[in-house]
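The following paragraphs lead the reader through a predicted model.

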Amino acid sequence: MTVILRINKRWIAILGLIIGILIIQSFNISQPYPPVPPLPAIDIAQYWPSPVEDGHCDGKIFVYQIPDSIQVPKAVRDGRCHESNYNSEVILYNQLVDPDSTIHKLYVTQNPDEASFFFIPFFGSCYLYHCWSLHGWDWDERCDVDSRYVDPLMNIVIQDLPFWNASQGKDHVMIHPMDKTFTYYDHNSRFQPAIFLTTVGDKRRIWANRHRFQRDIVIPSATRLIHHLNIDISQYLTQDGHPKNGNKRDIFALFHGCCGDVQPGDLYSNGIRSLLFQYFQHYRGYDIGTGLADMDYAEKLARTKYGLAPMGWTLDTTRIWEYIAFGVVPVVIADGIIEPFERDLDWDSFIVRVRRDEVHRLDEILHGIDDVTYEYKRRKLWEHGRSVGLEKDAWHYIVRDLCRMNDIDRPVNLHLGY
Ligand SMILES: *[C@@H]1O[C@H](CO)[C@@H](O)[C@H](O)[C@H]1NC(C)=O
């Protein structure tokens, strides 16, 4: 009798203990952690990125005058070349020399003695694009670009005026907006000391011969839709970047581009695009294809949440500039890319990066992004990321990088008013 009783007591004690633990635990569960308040605002000077109007130096630029007999004709620049993806050299030059533009008023000087930088109006991409258009798009054709364009142009810069020699070309600036940057020109050694503005930034060692460490500034590309057709985004989106007429961004992920038959082992896009065409094309909410008419594409951009930007032959793709202009959060799949103005633009606040070894998990990764995080990125893109485009603040960021590159630290307020 007493033995049974003792066991019972022990059981009761153990049972009591277990119940106690459970009560304490459920108490913990029902007692949530206190809500975490957002941190208070801090002095803007302690914060990164800094507002675009905080210039690093006044960065006055002297623009060389190149005689018409040598220069690529204006009619070709503003005609044939305006449609090309290499149009950035034309756009940036036009902004610089247009007397009505903010860029001209802020930065350009006619007095070389007060200039910090010297701009060489070199339209090599336009020369070659025009040349290829006249020769059945034979990309190997050069139309004597070295003897007929590079040499006479550099002779003027080096021999007619003293400024190139004064700095050994180090404060001179020229644009190379094509995939292979300066390597199209056999005589590129003549202008190698200059700072190059390039549209491809690549950290991979295999292309180190094209991407000059600390001598290149990566700039945005031009796109046909935004910079040639000058599409009016406000026809599609509200001031806050939402689709008009109460429409939703009902396309989950968009990609239109080359090439439907890419294989996983291909060099092109390092095989990445094969997974888009072979698999994700069939997923719900994905709109993946090899091309669309301009206006159909614009209409879809306005309805898209995520824009896929997988590398092609190069890491950068011009389509990212259409995504950005339309407030579509870019999904960059290009390991090793250097985005334009990384020192001044918080790219990770408004893009999603997916590495090549995770592309097979793309759908899982994108669906794992909660609505609040998506909205955060979309808003950062609309309010901050969009400013980078050629049609917006690109020159301000270029001048900042020029100041840094030549160690000029003279902070200046640009009074942009935004
Ligand atoms: C600059 O240096 C080169 C090479 O030494 C020379 O040929 C050229 O005449 C010089 N330019 C000027 C303007 O003195």
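The buried residues of α5 are G124, S125, C126, Y127, L128 and Y129, together with C131, W132 and S133. Among the elements that cover these buried residues are α2 (74-78), α3 (88-97) and α6 (145-160). Just after α5, the backbone at G136 adopts a positive phi of about 55°.

Helix α5 also takes part in the surroundings of the largest pocket: α5, α8 (224-228), α10 (294-301) and α11 (319-325) each contribute at least two residues to its lining. The volume of this largest pocket is about 1,500 Å³. Its lining comprises 46 residues, of which N85, Y86, D179, W313 and T314 are the closest to the pocket centre. Sorted by class, the lining of the largest pocket consists of 18 nonpolar, 14 polar and 14 charged residues.

How is the lining of the largest pocket drawn from domain 1 and domain 2? At least three of its residues come from each of the two, domain 1 being 54-222 + 396-413 and domain 2 being 231-386.

In an unreviewed entry, UniProt lists residues 60-367 as "domain: Exostosin GT47". In the model, the end C-alpha atoms of residues 60-367 lie 48 Å apart.

Conventions
Residues are numbered from 1 along each chain as its sequence is written. This is a predicted model: local features need pLDDT of at least 70, side-chain atom pairs count only at pLDDT 80 or more; totals for chains, interfaces and linings use all residues. Side-chain values use heavy atoms; hydrogens and water are left out. Buried means under 20% relative accessible area, exposed over 50%, partly exposed in between (1.4 Å probe, protein chains only). Helices (H or I, at least four residues) and strands (E, at least two) are DSSP runs, numbered from the N terminus. Contact means heavy atoms within 4.5 Å. On a 1 Å grid over the protein atoms alone, a cavity is a set of points where a 1.4 Å probe fits but cannot get out, and a pocket is an open set with protein on both sides within 12 Å along at least five of seven lines; lining residues have an atom within 4 Å of a point. Grid points are joined across faces, edges and corners, and a volume is the space filled by probe spheres set on the points. Ala, Val, Leu, Ile, Met, Phe, Trp, Tyr, Cys and Pro count as nonpolar, Asp, Glu, Lys and Arg as charged, and the others, Gly among them, as polar. Domain bounds come from an automatic or database domain assignment. UniProt positions are given in the numbering used here, feature names are shortened, and annotations may be inferred rather than shown by experiment.
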